[in-house]
Amino acid sequence: MNALVINCSPVRDGATAEIVRITAAELAKSSDVKTICIDDYSFAFCKGCRSCHTTAVCVMNDDIPRIIAEFEQADIIVAVSPSYWADIPGQFKAFIDRCTPWCNTHEPHASISRGKKGFAIALRTGPSMRECERVISSIEHFYGHLEIECRGHLGLCSVECRDDVLPHKEEIVAFCREVVAPL
Ligand SMILES: Cc1cc2nc3c(=O)[nH]c(=O)nc-3n(C[C@H](O)[C@H](O)[C@H](O)COP(=O)(O)O)c2cc1C
């Protein structure tokens, strides 16, 4: 089983990165794990030209196919995203917009292989889970249109920086057991 754990924050060594580290270490007990950070890649914003609605390919040529190649390799995808202004960070949203060639709302569209399982972990500084749910909903909306099956999510509140992750470690480890659990 191949697992891909994505740091959807532009911060490579922050709280999201710490959750990615814990998640990857736990999944590595039973899977081959690759971690990536959205900030490892260079890509432009979607221009909304809709060429991909008729061609299933993007007119731009940058790192988006490299990220999609990582999705293609994975059986399990875990997106870990902080709340930035009550939603996913702009860098991750820009990536999602550029996935329109793979979006199943138009024909023709590109496709990644079927059977992938998607999970979402949201974190935020504030105390209310409702905002985590909004972040999770953005990720699951994306998974749905790429036909990645949404299999579970976790919200973590009161997380501002790396050190705030430690009190949530057991919760994250328990969630990872669900990620690798058989059907
Ligand atoms: C630009 C920005 C916007 C943020 N907006 C929110 C917010 O709307 N609600 C919230 O609870 N936390 C917000 N936060 C806090 C982050 O969700 C929190 O610090 C998280 O742990 C950041 O993880 P990171 O450092 O790995 O990106 C924001 C942080 C930044 C940098």
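Close-up 1. Arginine 151 is partly exposed, with a relative accessible area of 27%; buried means under 20%, exposed over 50%, and partly exposed in between (1.4 Å probe, protein chains only). The model is predicted, so that local features need pLDDT of at least 70 and side-chain atom pairs count only at pLDDT 80 or more, whereas totals for chains, interfaces and linings use all residues. Residues are numbered from 1 along each chain as its sequence is written, and side-chain values use heavy atoms, with hydrogens and water left out. The side chain of arginine 151 meets that of glutamate 149 in a salt bridge (3.9 Å, N to O), a term for a side-chain nitrogen of Lys or Arg within 4 Å of a carboxyl oxygen of Asp or Glu. Glutamate 149 is also partly exposed, at 41% relative accessibility.

Close-up 2. Because arginine 114 lies in the loop between H4 and strand E4 (117-123) and glutamate 147 in the loop between H5 and strand E5 (149-156), the pair ties together parts that are 33 residues apart in sequence. Helices (H or I, at least four residues) and strands (E, at least two) are DSSP runs, numbered from the N terminus. Arginine 114 is exposed, with a relative accessible area of 66%, while glutamate 147 is partly exposed at 30%.

Close-up 3. Isoleucine 38 is found in the loop between strand E2 (32-37) and helix H2 (51-55). At 4% relative accessibility, isoleucine 38 counts as buried. Leaving aside neighbours within four places in sequence, its contacts (heavy atoms within 4.5 Å) include Asn7, Cys8, Phe43, Ile67 and Phe95. Proline 10 is another residue in contact with isoleucine 38; the two are 28 residues apart in sequence, and their C-alpha atoms are 6.3 Å apart in space.

Close-up 4. A disulfide is a covalent bond between the sulfur atoms of two cysteines. With the criterion of a pair of cysteine sulfur atoms within 2.5 Å, a search of the whole structure finds 0 disulfides. Cysteine 157 is in no disulfide, and the nearest cysteine sulfur, that of cysteine 132, is 4.0 Å away. Cysteine 157 counts as buried, at 11% relative accessibility. The sulfur of cysteine 161 is too far for a bond, because the closest cysteine sulfur, in cysteine 157, is 15 Å away. Cysteine 161 is partly exposed, with a relative accessible area of 36%.
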